[in-house]
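Please look over the sequence and the structure shown below before reading on.

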Amino acid sequence: MFHLLDIIGTMAFAMSGALTAMHKRLDPFGVFIIAFVTAVGGGTLRDVLIGRTPVGWMLNLQYVYVIILGFFLAILFRKKFDKLRTSLFLFDTIGLGVFTLIGLEKGIMVGLHPVICVALGTMTACFGGVLRDILCNEIPTVFRREIYATICIFGGVVFFVLRKWNLADDALYLVTSVVIISVRLLAVKYKWHLQAFDHK
């Protein structure tokens, strides 16, 4: 289940990056680079921070193949995604839920405190999107009023609460991912957001 979620998250973020880049009218090489950076950015930062080098995608070409597949799928079916923003949002949300979980697990594997694991999960989920938005000349979603990183933190808390109840690993992964994805969908639907600072 853990490996499957990792692959799903990588694919989702690769497609999210590719769709953003196509929306910005980049050439195919630019689209691929944005897809790649979005998919591996958070995981690369996470692995460097915990001293796991070479980083994951360099040791397992399966991730590179998944990113290439996501890149081609995004290009081939871009006209099928009638509502580009909706498609981008869905892929980004799936990636957010899955990568938060992966960051949490990686932190646990190296014996980090739960608070640090939650921070690691949040960085894993958000940093690829931050790089994507910066390279595409956008203010990163994580810094805007939309609830984004906060959902990852909430998901991390849910994860450790459920873990205390000795929930089976597969159920723990699935429930945590679904909670994060569901909360973000609800946040967008009902326009939940953090209050921005007034510049005056």
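Does Asn-137 count as buried or exposed? Asn-137 counts as exposed because its relative accessibility is 70%, where buried means under 20% relative accessible area, exposed means over 50%, and partly exposed lies in between, with a 1.4 Å probe and protein chains only. This is a predicted model, in which local features need pLDDT of at least 70 and side-chain atom pairs count only at pLDDT 80 or more, while totals for chains, interfaces and linings use all residues. Residues are numbered from 1 along each chain as its sequence is written, and side-chain values use heavy atoms, with hydrogens and water left out.

**Loops and backbone**

- Asn-137 sits in the loop between H6 and H7, where the helices (H or I, at least four residues) and strands (E, at least two) are DSSP runs numbered from the N terminus.
- Although Asn-137 is not a glycine, its phi is positive, at about 60°.
- Asn-166, which belongs to the loop between H7 and H8, also has a positive phi, near 60°, in a residue other than glycine.
- Asn-166 counts as exposed because its relative accessibility is 68%.
- Pro-54 is placed in the loop between H2 and helix H3 (56-59), and the peptide bond that leads from Thr-53 to Pro-54 is cis, with omega near -10°.

**The nonpolar cores**

- A nonpolar core is a set of buried Ala, Val, Leu, Ile, Met, Phe, Trp, Tyr and Cys residues joined through side-chain atoms within 4.5 Å, and in the largest such core, which has 30 residues, Leu-96 and Phe-159 touch the most other members.
- At least two residues of this core come from each of helix H1 (2-23), helix H2 (28-49), helix H4 (61-76), helix H5 (84-109), helix H6 (114-135), helix H7 (149-164) and helix H8 (169-189).
- H7 gives the largest share of this core, namely 7 residues.
- A second, separate core has 16 residues, among them Met-15, Leu-19, Ala-21 and Ile-34.
- When neighbours within four places in sequence are left aside, Leu-96 is in contact with Phe-13, Ala-125, Cys-126, Tyr-148, Cys-152, Ile-180 and Arg-184, contact meaning heavy atoms within 4.5 Å.
- Thr-122, which is placed in helix H6, is buried because its relative accessible area is 12%.
- Apart from residues up to four places away in sequence, Thr-122 touches Ala-149, Cys-152 and Ile-153.

**Where H2 meets H4**

- The axes of H2 and H4 come within 10 Å and cross at roughly 130°, the axes being lines fitted to C-alpha atoms, for helices over the stretch in contact, and the angles running from 0 to 180 degrees between N-to-C directions.
- H2 and H4 are therefore oblique to each other, since angles under 35 degrees count as roughly parallel, over 145 as roughly antiparallel, 65 to 115 as roughly perpendicular and the rest as oblique.
- On the H2 side, Pro-28, Val-31, Phe-32, Ala-35, Phe-36, Ala-39 and Val-40 meet Val-64, Ile-67, Ile-68 and Phe-71 of H4.
- By class, the contact of H2 with H4 holds 11 nonpolar, no polar and no charged residues, where Ala, Val, Leu, Ile, Met, Phe, Trp, Tyr, Cys and Pro count as nonpolar, Asp, Glu, Lys and Arg as charged, and the others, Gly among them, as polar.
- Pro-28, which lies in helix H2, is exposed because its relative accessible area is 56%.
- From C-alpha to C-alpha, Pro-28 and Lys-106 are 33 Å apart in space, and in sequence they are 78 residues apart.

**Where H7 meets H8**

- H7 and H8 have axes 9 Å apart and pack at an angle of about 150°, which makes H7 roughly antiparallel to H8.
- Residues of H7 including Ile-151, Phe-154 and Gly-155 meet residues of H8 that include Leu-172, Tyr-173 and Val-175.
- The contact of H7 with H8 divides by class into 11 nonpolar, 2 polar and 2 charged residues.
- Arg-163, found in helix H7, is partly exposed because its relative accessible area is 37%.
- Once neighbours within four places in sequence are left aside, Arg-163 is in contact with Ile-108 and Leu-172.
- Arg-163 and Tyr-173 are 10 residues apart along the chain, and their C-alpha atoms are separated by 9.9 Å.
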